[in-house]
Amino acid sequence: MVYIFGVGEVPISIVSDPTDPELLDHTIRVVGRTTAALEKLKEGDTVGLRGPYGSRWPLEDFKGKDVIIVTGGLGCAPAVSVINYIVKRRDDYGALKILHGIKTPKDLLYRDRFRAWRRIPNTEVSLTVDHPDRQWKYNVGVVTNLFNQVRIDYQNSVVMMCGPETMMKYAVRGLLSQGMSEGRIYLSLERNMKCAIGFCGHCQFGPSFICKEGPVFRYDRIKPWLEIREV
Ligand SMILES: Cc1cc2nc3c(=O)[nH]c(=O)nc-3n(C[C@H](O)[C@H](O)[C@H](O)COP(=O)(O)OP(=O)(O)OC[C@H]3O[C@@H](n4cnc5c(N)ncnc54)[C@H](O)[C@@H]3O)c2cc1C
């Protein structure tokens with residue numbers, strides 16, 4: 001939780017490696033009051049920090065498996081942390097496949113990082129946009145279309161996804177229809193949250209608080225709630 005004194009406090013993902021004691025890296029999109037104040041900070045200014053809170057991607061358990069990262073829109077900071085982590089420990093994991101969908105080419109954040117990841121052995125990057133421009137040289141269409149183009153070993157893969165909830169719902173359906181099992185899919189969910197310690201109830205999601213039991217959930221544990229609109 002990142003706090004700007006006198007303005008507000010917002011939940012922000014950690015993008016840097018959890019084992020790096022020197023760096024706490026965030027990518028922040030300006031949407032409103034607090035994030036706009038964050039943008040105005042100068043070197044040497046002070047912010048408040050609480051945390052870290054919530055669940056993590058269980059990356060230790062995925063060693064030896066292929067990892068499929070499915071992301072949509074701008075909200076892919078939690079996925080970047082996963083990719084950074086795996087890239088640093090490349091031999092511990094099988095194939096790494098990054099499938100990323102955005103609306104237009106100008107929405108592509110981390111352009112240099114995607115380019116660099118593409119060059120790493122046993123790593124595939126597939127990008128797709130809804131509305132291409134003339135320079136766009138990758139796929140066109142929604143991110144779920146990529147499932148037909150990328151070879152996925154459904155018996156030895158885990159999927160981690162984040163992005164708009166509608167995109168994630170369709171992506172889950174697509175993966176299940178191709179043979180992926182429910183227990184191998186993990187999602188990072190977003191809700192407005194305030195206290196971050198399971199007290200205030202702002203981020204309630206069915207029987208869970210996203211700040212405490214989430215934001216990362218295994219699909220089969222939240223499936224009934226994900227199906228209900230506006231839970
Ligand atoms: C677990 C978690 C991790 C997050 N990680 C990141 C991150 O790494 N980087 C990052 O930039 N953001 C992240 N967010 C989103 C971030 O917390 C919000 O963008 C922020 O709280 C907005 O605060 P604000 O005061 O700037 O905007 P407000 O003044 O509160 O809102 C301004 C406008 O933005 C809309 N808005 C508020 N929250 C969101 C949201 N979550 N998504 C889309 N629109 C929103 C509001 O509805 C309103 O229209 C995360 C959210 C969660 C729950």
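Across which strands does helix α3 lie, and at about what angle does α3 run to β6? In this predicted model, local features need pLDDT of at least 70 and side-chain atom pairs count only at pLDDT 80 or more, whereas totals for chains, interfaces and linings use all residues. Residues are numbered from 1 along each chain as its sequence is written, and side-chain values use heavy atoms, with hydrogens and water left out. Helix α3 lies across β5 and β6 and runs at about 140° to β6. Axes are lines fitted to C-alpha atoms, for helices over the stretch in contact, and angles run from 0 to 180 degrees between N-to-C directions; contact means heavy atoms within 4.5 Å. Helices (H or I, at least four residues) and strands (E, at least two) are DSSP runs, numbered from the N terminus.

The sheet is open and has seven strands in the order β7-β6-β5-β4-β8-β9-β12, with mixed pairing. Two strands pair if DSSP finds at least two bridges between them. The edge strands, β7 (139-140) and β12 (216-218), each pair on one side only. In general, strands of a sheet pair through backbone hydrogen bonds, either parallel or antiparallel.

Strand β5 (residues 96-102) has seven of its seven residues buried, where buried means under 20% relative accessible area, with a 1.4 Å probe and protein chains only. From β5, L96, I98, H100 and I102 point one way, while K97, L99 and G101 point the other way. Strand β4 (residues 66-72) pairs with β5 in the parallel sense over six bridges, and I69 has I98 of β5 as its bridge partner. Strand β6 (residues 123-129) also runs parallel to β5, joined by seven bridges; here the bridge partner of I98 is V125. Together, β5, helix α3 (residues 111-118) and β6 make a right-handed β-α-β unit. Right-handed means that, with the strands pointing away from the viewer, the path from the first strand over the helix to the second runs clockwise.

Elsewhere in the sheet, strand β8 (residues 157-162) and strand β9 (residues 185-188) are parallel partners over four bridges, and M160 is bridged to Y186 of β9.

Helix α2 (residues 77-88) lies across β4, β5, β8 and β9, at about 155° to β4. Nine of the 12 residues of α2 are buried, among them V80, I83 and I86. The buried residues of α2 pack against β4, β5, α3, β8 and β9.

Conventions
Buried < 20%, exposed > 50% of the residue type's maximum accessible area, 1.4 Å probe, protein only.
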